[in-house]
Amino acid sequence: MSIDINIPHGLQTRLEQLDALKRPTYRLQVEGPWNIGDPVHESITHAALIEAELAAQGTRFNDPATWEYIRGIFWNDDPEGFFFDHNDTETDNWSNGIKFLSNFKTHQHEAIQGTIFGPTAPLLARSHFGDLQCLHAMASRNGESAVITRDNLLRWAEFFYEVAIGTVSETASLSHMNAGHIDDWFPDSPLSIRALLLVGQKGNVRQRAMGALLHIVQDSFAKGHVERNQAGHIVEFHSYIHQDSSKHAKDDQVDSGGLQAMPEVQRAIRRCQEILELYKTTATWPSVRIHLEKRVFTLSPNARPSSPGQAYRA
């Protein structure tokens, strides 16, 4: 996302420190606070919205027609909302990103030391290093069956899709959520769907849910997340904890030839367009699931259990 920000002089030194750390972006990149990353997710989502005629040509990322979908695709990477200042009356007030970076580094160190992140852990830790890595089309650990990983991400896809078409109430509690059996991941949580997706006085729960679903689809076409064969079928879901973050991040950035030169990005745009077109017609979840299984998450007969991936091992 390209948003013009005048950087206060007092933050310049800290920004340079952040940049010097070469902040790992660990998934197909979002640009995030201070425009540090590459806007890959934003660009894919924006293009798919236009192709599906949910946004007009010439629409910007931060226009009302697109912004809440974009906020949704940020959620998987930033489920606690550290990219933004917590303000119920605004949805596009960027933070300085320091809290996100600090917490991420802490959780990363804990994961390398053997900490297992489950239902009682912070969402940021769970989504990047724990039981919710399926939000990035990745396995929760090494040795996880590809069938289990796919089932988990399809459960989240069901939940997001049902929220997006309004089948479930945005005020419903996660601990009683039948859609995708999300309650298994939040057994005693008081969070509502609205709170989960960080919607305050302003914001669109349905569009954020759709954005989060599109994020999973997009990540499944990133080589650091998923290995596919020549037919496009999934051979392995990778697990992030024991990956080299710099190797992973390199494949999540824009190639020198731009997004047009990245075949996996072009495939992701088409698949997201198809899902958005189903969403426009409020197609039922069973039909959307069939579409996802056949067009996005088809497993190779020779699918392997998860690993960091040979090219990404630390």
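Arg194 has a relative accessibility of 24%, so it counts as partly exposed, a class that lies between buried, under 20% relative accessible area, and exposed, over 50% (1.4 Å probe, protein chains only). Before I go on, please keep in mind that this is a predicted model, in which local features need pLDDT of at least 70, side-chain atom pairs count only at pLDDT 80 or more, and totals for chains, interfaces and linings use all residues. Residues are numbered from 1 along each chain as its sequence is written, and side-chain values use heavy atoms, with hydrogens and water left out.

Now, which residue forms a salt bridge with Arg194? The partner is Glu170, with the closest N and O atoms 2.4 Å apart, where a salt bridge is a side-chain nitrogen of Lys or Arg within 4 Å of a carboxyl oxygen of Asp or Glu. Arg194 lies in helix 7 (residues 193-196) and Glu170 in the loop between helix 6 (146-164) and helix 7, so the pair ties together parts that are 24 residues apart in sequence. Helices here are DSSP runs of H or I, at least four residues long, numbered from the N terminus. Glu170, at 30% relative accessible area, is partly exposed as well.

By this rule there are nine salt bridges. In another one, Arg295 pairs with Glu274 at 2.6 Å between the closest N and O atoms; Arg295 belongs to helix 11 (residues 285-295) and Glu274 to helix 10 (residues 263-280), so this pair joins parts 21 residues apart in sequence. Here Arg295 is partly exposed at 40%, whereas Glu274, at 16%, counts as buried.

How values were computed. Helices (H or I, at least four residues) and strands (E, at least two) are DSSP runs, numbered from the N terminus.
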